[in-house]
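Subject: Structure for your review

Dear colleague,

Please find below the structure that I am handing over to you.

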Amino acid sequence: MRVPEAEFTSYYGRPILKAPVWKWDIAAYLFTGGLAAGSSLLAAGGQLTGRPALRRAGRVTALAAVSASAVFLVKDLGRPARFHHMLRVAKPTSPMSMGTWILTAYGPAAGVAAIAEAAGVLPRHGLLGMAGRALPPVGNVAGLLAAGTAPALATYTGVLLAGTAVPSWHEAYPELPVIFAGSALASGAGVGLLAAPTAQAGPARRMAVAGAALELYGTHRVETRLGLLSEPYRQGNPGWLLRASRMLTIGGVAGALLGRRSRLVSGLSGVSLLAASLATRFGIFYGGVASARDPRYTVVPQRERVDARRSGMDLPSDRAAPPAV
């Protein structure tokens, strides 16, 4: 007689893990944060290579995206004061704490860089004229500061998700920052392809290739490396979103490389890359939520780890037997 195998349920029919209470606004926050980071990198590339259209598009988009991120974050927190309270401490081991400080450093720099783009419409005389002459150099410094903070802004959310107990997020801790970095670069490239003339879109094309490579590599890994925990990324709505993202990314990169002289093709490629980045963030988000709701994704990996530890503790079969007494 032996106890039958336990079913994948828990006491009173409740799930083993409490699924994240985050809703679509946090998935949107993941996207807008990456878009802001990629746009700042695009703007810095335009600034350093003398491409004003790229610089302008990147700075304005970065400010709009980080402003939207703040709205989504405060909506999830419930009260704006909660964001302020998180600045009372700086805890390097907490992705949430570090993310708060990253946003605090990035936001003003991106805002000043975007405001500097208004220097050309200010009067040339008086106080406004003095401000118009001072804004471009200040904006250049602020733009580089925002670009320096952008990699951390693009990837900290991946570390944040991987630090939770959600099975398919937690086990994907090596890939999530890579996916989010690639998604940020691809979305920034999409802004450049959409807003800048083809003659100035060279850095955006290179960003598109680099971002697509990272994003496709990372999503392929989470769909194949995690064993059972890869299932939520391949099934249902998350699977559909990630497959759509893959096709949109490939189409966007192909259009960016083949449509170098076509403003229409470049614009469509930019839209495709932006849509791909959005689909990636939502697919990763809802894939993790699905893994938390099904007890199987918690129980089976735990059993496998226990069995692996037990087998590792077994004595070798050829070990000499103790002498008989």
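I begin with helix α4, which has 21 residues and reaches 30 Å from its first C-alpha to its last, close to the 30 Å expected at 1.5 Å a residue. Please bear in mind throughout that this is a predicted model. The buried residues of α4 are Ser 97, Gly 99, Thr 100, Ile 102, Leu 103, Tyr 106, Gly 107, Ala 109, Ala 110, Gly 111, Ala 113 and Ala 114.

Overall architecture

The protein chain contains twelve helices and zero strands. Of its 325 residues, 47% are buried. Among contacts between residues at least 6 apart in sequence, 75% join residues at least 24 apart. The accessible surface of the chain amounts to about 16900 Å², and 66% of that surface belongs to carbon and sulfur atoms.

The nonpolar core

The largest nonpolar core has 66 residues, and those touching the most other members are Tyr 106, Leu 153, Trp 169, Leu 176 and Ile 284. Two or more residues are given to this core by each of α1 (24-48), α2 (52-77), α4 (95-115), α5 (126-162), α7 (176-195), α8 (202-224), α10 and α11. Helix α1 supplies the largest share, ten residues.

Tyr 106, named above among these core residues, is also one of the buried residues of α4. As for Trp 169, its contacts beyond four places in sequence are Pro 20, Trp 22, Leu 161, Ala 162, Thr 164, Leu 176, Tyr 233, Ile 284, Phe 285, Gly 288 and Val 289.

Thr 280 lies in helix α11, which covers residues 263-293. Thr 280 counts as buried because its relative accessibility is 0%. Setting aside residues up to four places away in sequence, Thr 280 touches Ile 179, Glu 215, Thr 219, Leu 242 and Ser 245.

Gly 267 is also placed in helix α11. With a relative accessibility of 10%, Gly 267 counts as buried, since the cut-off for that class is under 20%. Residues up to four places away aside, Gly 267 touches Leu 193 and Leu 194. Gly 267 and Pro 197 are 70 residues apart in sequence, while their C-alpha atoms are 9.4 Å apart in space.

Salt bridges

A search of the whole structure finds eight salt bridges; three of them are described here.

In one, the side chains of Glu 117 and Arg 55 meet at 2.8 Å, N to O. Glu 117 lies in the loop between α4 and α5 and Arg 55 in helix α2, so this pair ties together parts that are 62 residues apart in sequence. Glu 117 is buried at 17% relative accessibility, whereas Arg 55 is partly exposed at 22%. Both residues belong to a network of salt bridges that links Arg 55, Arg 56, Arg 59 and Glu 117.

In another, the side chains of Glu 175 and Arg 225 meet at 2.6 Å, N to O. This pair links distant parts of the chain, with Glu 175 in the loop between α6 (167-170) and α7 and Arg 225 in the loop between α8 and α9, 50 residues apart. Glu 175 is buried, with a relative accessibility of 3%, and Arg 225 is partly exposed, with a relative accessible area of 34%.

Glu 223 forms a salt bridge with Arg 246, and the closest N and O atoms are 2.4 Å apart. Glu 223 lies in helix α8 and Arg 246 in helix α10, so the pair ties together parts that are 23 residues apart in sequence. Glu 223 is buried, with a relative accessible area of 10%, while Arg 246 counts as partly exposed at 24%.

The loop between α8 and α9

Ser 230 is placed in the loop between α8 and α9 (231-234). Its relative accessibility of 0% makes Ser 230 buried. Beyond four places in sequence, Ser 230 is in contact with Val 222, Glu 223, Thr 224 and Arg 225. Two of these partners, Glu 223 and Arg 225, take part in salt bridges described above.

The surface

Val 209, Leu 257 and Leu 258 form a nonpolar surface patch, with about 290 Å² of accessible area together. Leu 258 is placed in helix α10, residues 236-258, and is exposed, with a relative accessible area of 77%.

Yours sincerely

Terms used
Residues are numbered from 1 along each chain as its sequence is written. This is a predicted model: local features need pLDDT of at least 70, side-chain atom pairs count only at pLDDT 80 or more; totals for chains, interfaces and linings use all residues. Side-chain values use heavy atoms; hydrogens and water are left out. Helices (H or I, at least four residues) and strands (E, at least two) are DSSP runs, numbered from the N terminus. Buried means under 20% relative accessible area, exposed over 50%, partly exposed in between (1.4 Å probe, protein chains only). Contact means heavy atoms within 4.5 Å. Patches are made of residues with over 30% relative accessible area and no salt bridge: like charges are joined within 9 Å, nonpolar side chains (Val, Leu, Ile, Met, Phe, Trp, Tyr) within 5 Å. Accessible areas come from the Shrake-Rupley method with a 1.4 Å probe; for residues, only the protein chains shown count as cover. A salt bridge is a side-chain nitrogen of Lys or Arg within 4 Å of a carboxyl oxygen of Asp or Glu. A nonpolar core is a set of buried Ala, Val, Leu, Ile, Met, Phe, Trp, Tyr and Cys residues joined through side-chain atoms within 4.5 Å. The expected span of a helix is 1.5 Å times one less than its number of residues.
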